[in-house]
Amino acid sequence: MIDRLSAREPFDILVIGGGATGLGCAVDSASRGCRTALLEAHDFAKGASSRSTKLVHGGVRYLQQGNIALVLEALRERGTLCRNAPHLVGDLAFVVPRYKWWEGPFYGVGLKMYDALARDRQIAPSQILDRAETLAEIPNVEPDQLIGGVRYHDAQFDDARMALGLARTAADLNAVVANHVRVVDLVKESGQITGVAAIDAETGRELRVNAKVVINATGAFADRIRHLDEPTASAATLPSQGVHLVLDRSFQPSDSAIMVPRTDDGRVLFVIPWHDRVLIGTTDTPMPEPSVEPRALPEEVDFILENAGRYLDHDPRGEDVLSVFAGLRPLVQAEGNDEETKKISREHTVLVSASGLLTIIGGKWTTYRKMAQDAVDNALAVGGLGELPCSTESLPIHGWMERTHPDFPEESTLQPYGSDCGELRALESEDPSLAEPLDPQLPYRGSHVVYAARHEMARTCEDALARRTRSLLLDARASMNAAPRATALLAAELGRDAAWCEAEVARYRDLASGYLLWNSKTQSG
Ligand SMILES: Cc1cc2nc3c(=O)[nH]c(=O)nc-3n(C[C@H](O)[C@H](O)[C@H](O)COP(=O)(O)OP(=O)(O)OC[C@H]3O[C@@H](n4cnc5c(N)ncnc54)[C@H](O)[C@@H]3O)c2cc1C
């Protein structure tokens with residue numbers, strides 16, 4: 001990829017940012033036949049796109065806010081994603097527990113409306129549950145004064161693995177997708193943008209990449225790129241932080257999730273089984289400045305623990321937290337809007353500057369494909385590239401495999417590899433030591449790291465443990481223990497020496513210590 005960038009290959013469309021939005025744009029652009037490049041400063045999905053709640057959903061809370069158009073668009077995209085990436089997206093049942101008599105009809109009617117809007121026969125309809133059924137479905141729910149529940153269905157995914165699926169889909173379509181390459185400037189001729197200047201982080205070398213159109217898909221960092229173009233441009237994004245705590249599976253031992261539509265301060269609380277752990281979240285805290293490694297604030301952690309304790313029988317405590325992670329939602333800043341961020345729309349916006357910089361912000365993971373379609377439609381017009389139809393609604397994502405296929409893996413951490421699973425199994429047959437777990441507490445093996453280096457552009461220990469595998473999120477301390485072996489496996493693949501290994505392990509452990517609860521609290525406190 002770097003060779004192709006260095007060769008000064010001319011591109012039609014260049015995308016800055018390798019999160020959901022940028023990768024979606026690269027797939028869309030390449031699938032329309034445009035010569036496409038994508039540059040990511042860190043790693044694919046390093047930002048919000050690996051730190052989400054992992055739901056592919058219409059957004060029950062947007063229904064509460066009366067934003068039917070957004071719910072309809074997201075439900076349609078949910079159906080598209082289930083078809084195009086069945087290996088990455090699976091059904092998940094949610095139960096809303098009922099403690100007051102009116103909650104049955106209230107949530108029941110709302111969720112029937114959600115079913116009707118979805119018109120998706122692949123996903124089961126909602127249902128009212130009595131107390132016994134509710135306790136059977138979500139055994140750790142607070143039983144005191146529980147009347148029953150309402151069950152509805154949405155979809156769940158592994159966000160960083162989806163990002164890798166998109167990166168590989170774009171590469172399969174001949175796009176250049178490069179991680180660890182930061183855009184540092186925009187290049188202009190006669191006032192029009194003709195490309196970017198970028199730095200390859202591994203060598204420090206500057207690269208000049210020419211393109212007819214540049215798309216800024218840098219999420220919470222979008223205004224920084226806009227300011228390279230127009231230093232006085234007013235802010236278009238408002239980063240809002242969301243935090244999740246990861247707990248042992250015993251806190252939600254069944255396959256269903258718990259959804260609390262309205263906590264004390266009006267937020268939604270999710271308790272979700274994911275890769276044999278439980279995610280609890282989230283928060284919505286406006287942040288004045290974006291950060292590459294956002295950290296949970298003590299009050300966010302306290303809020304989640306307190307509210308989870310209210311709805312769970314076995315209350316989680318600080319010492320139960322295996323990992324805490326924070327992400328920044330790149331919300332669209334409505335002019336003059338000083339409302340709380342949880343009320344600001346998640347809808348997306350495309351901005352085009354006088355010099356032709358196209359910025360796409362907002363939206364959510366679920367709607368990445370539609371966002372990309374809108375961005376590339378606009379890019380074709382800006383770059384005079386003609387009318388090329390979008391085909392991503394029926395484009396399979398790399399690794400496509402039906403869940404009913406006899407070879408579809410049972411292990412949830414293997415499922416996102418889809419049809420590539422055989423390659424991981426082959427690595428383990430060739431070298432049985434690669435079948436050993438990276439750590440007894442983690443569901444990942446040596447084969448995952450070797451595969452990540454050979455086929456998924458993993459360049460650092462963090463790439464392998466945070467996003468190719470989700471070790472950092474599943475158990476931060478266990479991932480720190482796994483770092484030396486993961487790094488040694490990477491070094492053998494990438495031809496690195498002992499000094500590199502030592503520095504990588506130290507760097508990774510420093511990063512991962514920020515995902516331990518007590519450290520996260522002291523760092524931000
Ligand atoms: C807590 C939380 C929970 C969420 N839950 C859900 C959910 O359950 N379902 C859902 O659908 N959505 C969810 N979302 C929303 C979703 O995660 C985001 O909308 C989406 O990931 C945004 O993607 P993005 O590509 O726009 O931004 P990002 O993922 O942040 O990507 C931007 C990328 O740009 C790169 N970049 C920045 N500057 C440069 C530069 N100079 N050069 C090159 N690259 C650069 C960054 O490194 C980063 O990788 C959630 C978000 C948060 C924060």
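**Reading local and surface features**

Mentor: Thr282 sits in the loop between β14 (277-281) and β15 (285-286); helices (H or I, at least four residues) and strands (E, at least two) are DSSP runs, numbered from the N terminus. This is a predicted model, in which local features need pLDDT of at least 70, side-chain atom pairs count only at pLDDT 80 or more, and totals for chains, interfaces and linings use all residues. Residues are numbered from 1 along each chain as its sequence is written, and side-chain values use heavy atoms, with hydrogens and water left out.

Trainee: What kind of peptide bond joins Gly281 and Thr282?

Mentor: The bond joining Gly281 and Thr282 is cis, with omega about 10°.

Trainee: Is His180 buried or exposed?

Mentor: Buried means under 20% relative accessible area, exposed over 50%, and partly exposed in between (1.4 Å probe, protein chains only). His180 has a relative accessible area of 13%, so it is buried. This residue belongs to the loop between β7 (176-178) and β8 (181-189).

Trainee: Where does Ser190 lie, and what is its phi?

Mentor: Ser190 is in the loop between β8 and β9 (192-200). Its phi is positive, about 50°, although Ser190 is not a glycine. With a relative accessible area of 80%, Ser190 is exposed.

Trainee: Which residues make the nonpolar surface patch?

Mentor: Like charges are joined within 9 Å, and nonpolar side chains (Val, Leu, Ile, Met, Phe, Trp, Tyr) within 5 Å. Here Trp101, Trp102, Phe106 and Ile147 make a nonpolar patch of about 490 Å², the accessible areas coming from the Shrake-Rupley method with a 1.4 Å probe. Trp101 itself is in the loop between β4 (89-98) and α5 (103-118), and its relative accessibility is 67%, so it counts as exposed.

Trainee: How are α15 and α16 oriented to each other?

Mentor: Axes are lines fitted to C-alpha atoms, for helices over the stretch in contact, and angles run from 0 to 180 degrees between N-to-C directions. The axes of α15 (residues 476-494) and α16 (residues 498-513) come within 9 Å and cross at roughly 155°. These helices are therefore roughly antiparallel to each other, a term for angles over 145 degrees.

Notes
Patch = residues over 30% accessible without salt bridge, like charges linked within 9 Å, V, L, I, M, F, W, Y side chains within 5 Å. Salt bridge = Lys/Arg side-chain N within 4 Å of Asp/Glu carboxyl O. Parallel < 35°, antiparallel > 145°, perpendicular 65-115°, else oblique.
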